[in-house]
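Please consult the sequence and coordinates alongside it.

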Amino acid sequence: MGLRAIALLPFLTCSGRNAAVSETFGPPETGLSDLPENCAAEVLLHLDAPQICRLAMLNSVFRGASGADFVWESKLPSNYGEFVKGVYPDGDLVLQNSCKRDVYSKLCQPSFIDGGIKKVWLDKSTGKACMVVSSKGLSITGIDDRRYWNLIPTKQSMFSIVAYLQQIWWFEVTGEIDFPFPPGDYSVFIRLQLGKTQKRFGRHICNSEHVHGWDRKPVIFNVTCGEEVSTKQCYLNEKPGEWINYHAGDFTVGSSSMKLKFSVTQTDCTHTKGGLCVDSVVICPAEYSGGLL
């Protein structure tokens, strides 16, 4: 919250009480309802979107000011036009027929894109993008061979399906995204689970009979965006049956969006590995990454 907005907080909290006192003991004093709408809009410029919506419920002045296009344009990402066109096939019509507040509201609603294999939305507080990519939107070595992989329906996934690895020598999952992310710092996570969760008698039970090989060598995570490369490795040794968001790396989007590539691999062919569920890849603002670990 900006300094001007903070300075107004005592006035905002006391205005109702002062008005009640003035009605009882004398002529009405000047209150928030007398504040010029353009001044109220200037206050809103220093707040984030959820705070603007809360303040709009205070009185008619702030409600009117909260609809100003210049207020919401300041909250939209600098490349919001490209973002809209990347989400909606009729993006030009959305931009032409919607006020800036409606554009912001539409973008904050999660939308499926690319045939339903990705879900994207605008974070209300930061104005940056969030995206989740289904396992069906990833390139998985051997995915078409049922000796190695199976697609399993489950309610534990946002996309209602996960890819389950029974056993393989060469484990490689890669992905590529060409999307106009708003400028800022982002983190990439890959959601994995050791073992296969099944529902029996109303309870979720993890079958870990195929889990093996992940303690022999670490898996390698790689994230590439332009010339920026992030590489890290770790052993998959978590308790079977628990979904884990593994931090694959970070990237920064500047004035122009670049193609994002990511991968998770374990290609040491001296041993097999298996019993792993691959759900999705999560891309979120870097400041929120701590909540996913």
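Q: On what basis should the values be read?

A: This is a predicted model, in which local features need pLDDT of at least 70 and side-chain atom pairs count only at pLDDT 80 or more, while totals for chains, interfaces and linings use all residues. Residues are numbered from 1 along each chain as its sequence is written, and side-chain values use heavy atoms, with hydrogens and water left out.

Q: Where is confidence lowest, and where is it highest?

A: pLDDT is the predictor's confidence in each residue, from 0 to 100. The protein averages 87, and 87% of the residues score at least 70. Helices (H or I, at least four residues) and strands (E, at least two) are DSSP runs numbered from the N terminus. The lowest mean, 45, belongs to helix α1 (residues 3-25), and the highest, 98, to strand β4 (residues 139-140). Over residues 3-23 the pLDDT is below 50, and this stretch has 19 contacts in the model beyond near neighbours in sequence, a contact being heavy atoms within 4.5 Å. Where pLDDT is low, predicted coordinates should not be read in detail.

Q: How many cavities of 30 Å³ or more does a search of the whole structure find?

A: On a 1 Å grid over the protein atoms alone, a cavity is a set of points where a 1.4 Å probe fits but cannot get out; lining residues have an atom within 4 Å of a point. Grid points are joined across faces, edges and corners, and the volume is the space filled by probe spheres set on the points. The search finds two such cavities. The largest has a volume of about 70 Å³, and its lining includes Q193, W243 and C277. That lining divides into four nonpolar, four polar and one charged residue, where Ala, Val, Leu, Ile, Met, Phe, Trp, Tyr, Cys and Pro count as nonpolar, Asp, Glu, Lys and Arg as charged, and the others, Gly among them, as polar.

Q: Which elements supply at least two residues each to the lining of the second largest cavity?

A: This cavity holds about 30 Å³ of space. β8 (184-194) and β13 (244-253) are the elements concerned, and β8 gives the largest share, three residues. By class, the lining has six nonpolar, one polar and two charged residues. L194 and I244 are among them; these two are 50 residues apart in sequence and 9.0 Å apart in space, C-alpha to C-alpha.

Q: Is L194 buried or exposed?

A: Buried means under 20% relative accessible area, exposed over 50%, and partly exposed in between (1.4 Å probe, protein chains only). L194, in strand β8, is buried at 7%. Leaving aside neighbours within four places in sequence, its contacts include C206, W214 and L276.

Conventions: 1 Å grid on protein atoms, 1.4 Å probe; cavity = no way out; pocket = protein on both sides within 12 Å on 5 of 7 lines; lining within 4 Å.
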